[in-house]
Amino acid sequence: MNHARPPVVDLTQVTLAYPSPDGDVPVLNGVDLTIDTGEIVAITGPSGSGKSSLIAIIGGLEPISEGTAHVLGLDLALQNERARTLLRRRDIGIVFQAYHLVPSMTALQNAALPLILAGEDGAEAKATEMLTRVGLGHRLGHRPSALSGGEQQRVAVARAFAARPRLVLADEPTGNLDQQTGAVVIETMFDLARSSGTALILVTHDPALAARCDRTLKIETGRVVP
């Protein structure tokens with residue numbers, strides 16, 4: 001584990017609550033979390049425990065209610081929406097359960113999109129390289145409707161890793177896939193993370209998948225438990 005560099009993720013007493021007519025509804029309660037460069041960490045716990053909310057906070061998609069959230073050296077509470085968006089485009093890849101590909105775009109265009117939005121040179125070449133690495137070099141011109149579920153998720157994985165991010169967040173990335181297809185997608189993600197030194201945070205219900213990670217964090221009722 002690399003302690004020479006600051007942690008990729010450093011959360012201190014993070015609380016998230018949503019307002020309601022009956023008062024605030026707590027989602028996360030005093031979460032402390034540190035993740036180092038290149039670590040692969042599983043987050044497990046029952047549905048509704050706050051796993052996806054934790055991912056959303058780390059990705060700068062959800063502002064915290066209390067505490068501090070430092071991601072890639074930045075205090076997220078001090079970044080405006082534009083700064084958080086740029087952070088995601090350049091340094092944080094995100095893989096969702098439901099692919100989130102643009103239907104009218106080809107696999108290549110989908111994978112290149114974050115690079116293009118970030119103004120990077122050679123976006124299509126980098127996306128082509130990443131799609132080839134995930135085994136889709138022969139499907140560059142296909143739109144999502146012409147791809148299987150596993151292929152669509154591999155496009156999403158290629159998109160997440162194309163910008164060489166320092167951190168990738170994956171929220172139930174195999175939830176919509178059968179076991180065999182899911183195993184291929186996970187193997188691809190692990191290979192990409194290991195070869196590039198990218199930290200990977202994986203929300204999963206699968207104990208076998210969690211066991212393959214460097215460590216597992218369990219969340220219950222909004223808290224990290226031993």
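What follows is a chat about a predicted model of one protein chain.

Student: What helices and strands are in the chain, by number?

Tutor: The chain has 7 helices and 10 strands.

Student: How does the radius of gyration sit against the globule rule?

Tutor: The radius of gyration is 17 Å, close to the 17 Å that the rule gives for 226 residues, so the chain is as compact as a globular protein of that length. Along its principal axes the C-alpha trace spans about 50 × 45 × 35 Å.

Student: What share of the residues is buried?

Tutor: Buried residues make up 47% of the 226. The accessible surface comes to about 10,500 Å², and carbon and sulfur atoms account for 52% of that surface.

Student: And what share of the contacts joins residues at least 24 apart?

Tutor: Taking contacts between residues at least 6 apart in sequence, 71% join residues at least 24 apart.

Student: Charges next. How far apart are the mean positions of the positive and negative ones?

Tutor: They are 6 Å apart, for 20 positive and 24 negative charges.

Student: Which residues touch the most other members in the largest nonpolar core?

Tutor: That core has 39 residues, and the ones touching the most other members are L131, V157, F161, M189, F190, L200 and L202.

Student: Which elements give two or more residues to this core?

Tutor: On the strand side they are β3 (40–44), β7 (167–171) and β8 (199–203). The helices are α3, α4, α5, α6 (179–196) and α7 (207–212).

Student: Take L202. What is L202 in contact with?

Tutor: Leaving aside neighbours within four places in sequence, L202 is in contact with V41, A42, I43, A170, P173, I186, M189, F190, L209 and C213. Of these, M189 and F190 are also on the list of residues touching the most other core members.

Student: Where is L72, and is it buried or exposed?

Tutor: L72 lies in the loop between β4 (66–71) and β5 (74–75). Its relative accessible area is 10%, so L72 is buried. Its phi is near 55°, a positive value in a residue other than glycine.

Student: What about Y99, where is that?

Tutor: Y99 is in the loop between β6 (92–95) and α3 (107–117). Its phi is also positive, near 40°, and Y99 is not a glycine either. Y99 counts as buried, at 13% relative accessibility.

Student: On to α3 itself. Which of its residues are buried?

Tutor: A107, L108, N110, A111, A112, P114 and L115 are buried.

Student: What follows α3?

Tutor: G119 does, and its phi is positive, near 75°.

Student: Last one, H70. Where is its place, and what does H70 touch?

Tutor: H70 is in strand β4. Not counting residues up to four places away in sequence, H70 touches V8, V9, D10, L11 and D75. H70 is partly exposed, at 31% relative accessible area.

Student: How far is H70 from R223?

Tutor: The two are 153 residues apart in sequence, and their C-alpha atoms are 18 Å apart in space.

Conventions:
Residues are numbered from 1 along each chain as its sequence is written. This is a predicted model: local features need pLDDT of at least 70, side-chain atom pairs count only at pLDDT 80 or more; totals for chains, interfaces and linings use all residues. Side-chain values use heavy atoms; hydrogens and water are left out. Helices (H or I, at least four residues) and strands (E, at least two) are DSSP runs, numbered from the N terminus. The radius of gyration is taken over C-alpha atoms; the globule rule is 2.2 Å times the number of residues to the power 0.38. Buried means under 20% relative accessible area, exposed over 50%, partly exposed in between (1.4 Å probe, protein chains only). Contact means heavy atoms within 4.5 Å. Accessible areas come from the Shrake-Rupley method with a 1.4 Å probe; for residues, only the protein chains shown count as cover. Lys and Arg count as positive and Asp and Glu as negative; His and the chain ends are not counted. The place of a charge is taken as NZ of Lys, CZ of Arg, CG of Asp or CD of Glu. A nonpolar core is a set of buried Ala, Val, Leu, Ile, Met, Phe, Trp, Tyr and Cys residues joined through side-chain atoms within 4.5 Å.
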